[in-house]
Amino acid sequence: MRRHRHAKIVATVGPASNTPERLKELFLAGVDVFRLNFSHGTHDDHAKVHAAIRALEKEVGRPISILQDLQGPKIRIGTLTAGKEELVTGERVKFLLGREPGDKQSIPLPHPEIFKAIMPGQDLLIDDGRVRVRVRGLTDDRIDAEVIVGGTISNRKGVNLPGTALDLSPLTEKDRADLAFGLSLGVDWVALSFVQRPSDVIEAKALIGDKAGLVSKIEKPQALEKIEDIIRLSDAIMVARGDLGVEIPHEDVPGRQKELVRAARLAAKPVIVATQMLDSMVASPTPTRAEASDVATAVYDGADAVMLSAESASGQYPVEAVSMMSRIIASTEKHPTYRPIITALEPEVDHTPSHAVAGAAADLAGTIDAAAIFAYTASGNTVARIARKRPDVPVLAATPHADVARRLALIWGAHAIHSGDVGTYEEMVDRARTLAVKEEFVRPGERIVIVAGIPFGQAGSTNNLRIAKI
């Protein structure tokens, strides 16, 4: 089952998409990775969806990736005596440490780490930035603030603190329980919310080990300051434009998106662009022209994947949203401007044998007009290195490990094949020919470029290129 595009689609599962029948529709429409959002739903709900996806995987005979997205530490105000309060621009309000219900002069804020970290002159954003207040004074348990942008606040609304680094682990007790459950199910990727520093990634990796790939969600300005280290320690990143767009100026988000995509590509790590990509399709069968352009921009940037959130989780048109996203990707990649832009953004190849061989395979495939690149991989790294070059041909990735095949579903241009080990050079070539034809990527008379490591089955040994004719 071939996708006629390179960039992948991540779709969030929710009430609009959690039945076996709907999951199959979404997969056939173009979903490569299903996202389980652990901010919502019970463990039993997620277990049923996981089982349905694995059953679908057997039915269609294709590896399907499952991404577990952890909620992370949600910072919220407490409850208000009246349920809501109107904050007027220019007036003074107070936040108190604690959970007792209050009013605008005693807004409860049950997060002591905020009182330890915030300084006068810094802002608190409430309800996704709809209300903004500036700290004018504080004590150990009280913040005096001026309302800069007024509006209505209500019980348990979220709080963002741009420019304030909190001494807060990205893994709450709930996250740790959810993570243990997700790993017991066998999820392929785990998304870590609100990463601020490299140590956050190290903490999560220690719990995950090699059971799943770690996706660091970039949604805090503090993460941007240490982004190279965060990418190096992560297995993938997500440009989570929702919270990031609240904490940095709106006009800075597009440029940051391009920087993050390029940095991840430079490191040969997958990158997902997420949030509000086709948001109007939550309630409409078609997107706005601006949303179509937004998806196309992520594809032009070179993102490995683009993501649907509410569109597929709770929207009225989940299948249509996936189909539309797939059409936008395919159309963008076929446009005459796509290849020159992607090539212009191409990073330099690292001076290592594995990177050099992978880069040479991509260049060689273009030079000889090959129909595909066929890569043998034990860990998936060879395919990631080839994808980094964004070749103009599909990359067939054969691996003996089912978990690796599923993770490869996230990587740009990769068509994963779960296949046994090869033992000899001749078997390597023959199986590549056979599988490339079986998967309907090549026809008699066409050529493929084969990439492998010798000795076979040893991770990190990519050292061999071969041209084979079908």
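A residue counts as buried when its relative accessible area is under 20%, and as exposed when that area is over 50%. The structure shown is a predicted model.

**Exercise 1.** Determine whether Q222 is buried or exposed, and describe its surroundings.

Solution. Begin with the location: Q222 lies in helix α6, which spans residues 221-225. Next, compare its relative accessible area of 8% with the cut-off of 20%; Q222 is therefore buried. Then turn to the neighbours: leaving aside residues up to four places away in sequence, Q222 touches G163, T164, A165 and Q196. Finally, with T164 there is a polar contact, in which the Q222 side chain reaches the backbone oxygen of T164 at 3.3 Å.

**Exercise 2.** Classify L125 as buried or exposed, and state which residues it touches.

Solution. L125 belongs to strand β7, residues 123-126. Its relative accessibility is 1%, so L125 is buried. Beyond residues up to four places away in sequence, L125 touches V131, R132, G158, V159, N160, P162 and V246.

**Exercise 3.** Describe how helix α14 packs against helix α15.

Solution. Helix α14 comprises residues 353-367 and helix α15 residues 381-388; their axes are 8 Å apart, at an angle of about 55 degrees. That angle makes α14 oblique to α15. The crossing is right-handed. On the α14 side, the contact involves S354, H355, A358 and A362, and on the α15 side T382, R385, I386 and R388. By type, the contact residues comprise 3 nonpolar, 3 polar and 2 charged.

Conventions:
Residues are numbered from 1 along each chain as its sequence is written. This is a predicted model: local features need pLDDT of at least 70, side-chain atom pairs count only at pLDDT 80 or more; totals for chains, interfaces and linings use all residues. Side-chain values use heavy atoms; hydrogens and water are left out. Axes are lines fitted to C-alpha atoms, for helices over the stretch in contact, and angles run from 0 to 180 degrees between N-to-C directions. Helices (H or I, at least four residues) and strands (E, at least two) are DSSP runs, numbered from the N terminus. Angles under 35 degrees count as roughly parallel, over 145 as roughly antiparallel, 65 to 115 as roughly perpendicular and the rest as oblique. A crossing is left-handed if the near helix is turned anticlockwise from the far one by less than a right angle, and right-handed if clockwise. Contact means heavy atoms within 4.5 Å. Ala, Val, Leu, Ile, Met, Phe, Trp, Tyr, Cys and Pro count as nonpolar, Asp, Glu, Lys and Arg as charged, and the others, Gly among them, as polar. Buried means under 20% relative accessible area, exposed over 50%, partly exposed in between (1.4 Å probe, protein chains only). A polar contact is a pair of N or O atoms within 3.5 Å; within protein, one must be able to donate a hydrogen and the other to accept it, and residues adjacent in sequence count only if both atoms are side-chain atoms.
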